[in-house]
Amino acid sequence: MPHIHAEPYPFELQPERCALLIIDMQRDFLEPGGFGAVLGNDVSMLRRAIEPTRRVLVAARSAGVAVIHTREGHRPDLADLPAAKLQRGRLGTRIGDPGPMGRILVRGEPGHDLVPELAPIAGEPVVDKPGKGAFYATDLEAILRSRGIAQLIVCGVTTEVCVNTTVREANDRGFDCLVLEDCVASYFDAFQKAGLDMIKAQGGIFGWVAPSSALLPALV
């Protein structure tokens with residue numbers, strides 16, 4: 001059983017019971033002109049996670065590790081969009097409004113899709129989620145249980161929001177999470193550090209944190 005050098009202590013990887021979970025690497029968040037940029041964020045802060053994640057994705061596929069992708073977004077009729085989420089922040093451009101890549105965070109629109117560098121291949125489930133956490137109102141847990149998955153290698157954006165929420169949800173459901181620090185990203189350096197610190201605090205209260213370089217040799 002490979003031992004991955006991680007914080008707060010080594011992670012015992014079980015490749016046959018592990019899945020790579022790539023969270024919300026969507027055009028609306030990572031590409032210029034998307035929802036993230038419209039909010040005034042520097043999308044290059046998130047894009048720096050693309051290449052490390054791509055390397056892990058290639059290695060996971062080669063090793064036969066299950067791969068699952070998620071996307072945050074809503075039905076075209078916005079029936080699954082709570083008013084509180086729509087109104088929060090009192091933004092000029094909101095979910096469902098027209099944007100440079102179609103309606104903002106609406107399923108089926110170009111901006112809702114995953115970045116091409118991390119596009120799924122046949123057999124890799126894509127879980128569409130209406131909330132921040134990947135377990136809320138989705139079939140993610142059923143997919144993991146049916147495959148006998150007990151561990152998640154976590155990549156994606158943003159570290160302090162959808163990644164952190166999903167890791168906490170996973171922890172409550174008994175899954176062990178290894179978060180790859182260079183494969184997750186935030187628009188804000190302070191939030192990136194805080195998000196990772198909270199996961200590995202108090203003896204790994206929510207999971208483990210490691211660089212992708214510590215994992216890759218175990219996937220060969």
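Which residues are buried in helix 7? In this predicted model, the buried residues of helix 7 are Thr-159, Cys-162, Val-163, Asn-164, Thr-166, Val-167, Glu-169 and Ala-170. This briefing turns to that helix and then to a cluster of aromatic rings.

**Helix 7**
- The 14 residues of helix 7 (residues 159-172) should span 20 Å at 1.5 Å a residue, and the end C-alpha atoms are 18 Å apart, which agrees.
- An α-helix has 3.6 residues a turn, so residues three or four places apart point the same way.
- The cover over the buried residues of helix 7 includes strand 3 (18-23), strand 4 (66-72), strand 7 (126-129), strand 8 (151-157), strand 9 (176-185) and helix 8 (189-204).
- After helix 7 comes Gly-174, which has a positive phi, near 90 degrees.

**Aromatic pairs**
- The count of aromatic pairs comes to 5.
- The Tyr-9 and Trp-208 pair is edge-to-face, because the ring centres are 5.5 Å apart and the planes stand at 80 degrees, where over 60 counts as edge-to-face.
- Tyr-9 lies in the loop between strand 1 (3-4) and strand 2 (11-12), and Trp-208 lies in strand 10 (residues 208-210), so this pair ties together parts 199 residues apart in sequence.
- Tyr-9 counts as partly exposed at 41% relative accessibility, whereas Trp-208 is buried, with a relative accessible area of 12%.
- Phe-11 also forms an edge-to-face pair with Trp-208, at 5.0 Å centre to centre and 75 degrees between the planes.
- That pair links Phe-11 in strand 2 to Trp-208 in strand 10, 197 residues apart, and both residues are buried.
- Tyr-9, Phe-11 and Trp-208 are linked into a cluster by ring pairs.

Technical notes
Residues numbered from 1 in each chain as written. Predicted model: local features only at pLDDT ≥ 70, side-chain atom pairs only at ≥ 80, totals over all residues. Heavy atoms only, no water. Phe/Tyr/Trp six-rings, centres within 6.5 Å; stacked < 30°, edge-to-face > 60°. Helix = DSSP H or I, 4+ residues; strand = E, 2+ residues; numbered from the N terminus. Buried < 20%, exposed > 50% of the residue type's maximum accessible area, 1.4 Å probe, protein only. Expected span 1.5 Å × (residues − 1). Contact = heavy atoms within 4.5 Å.
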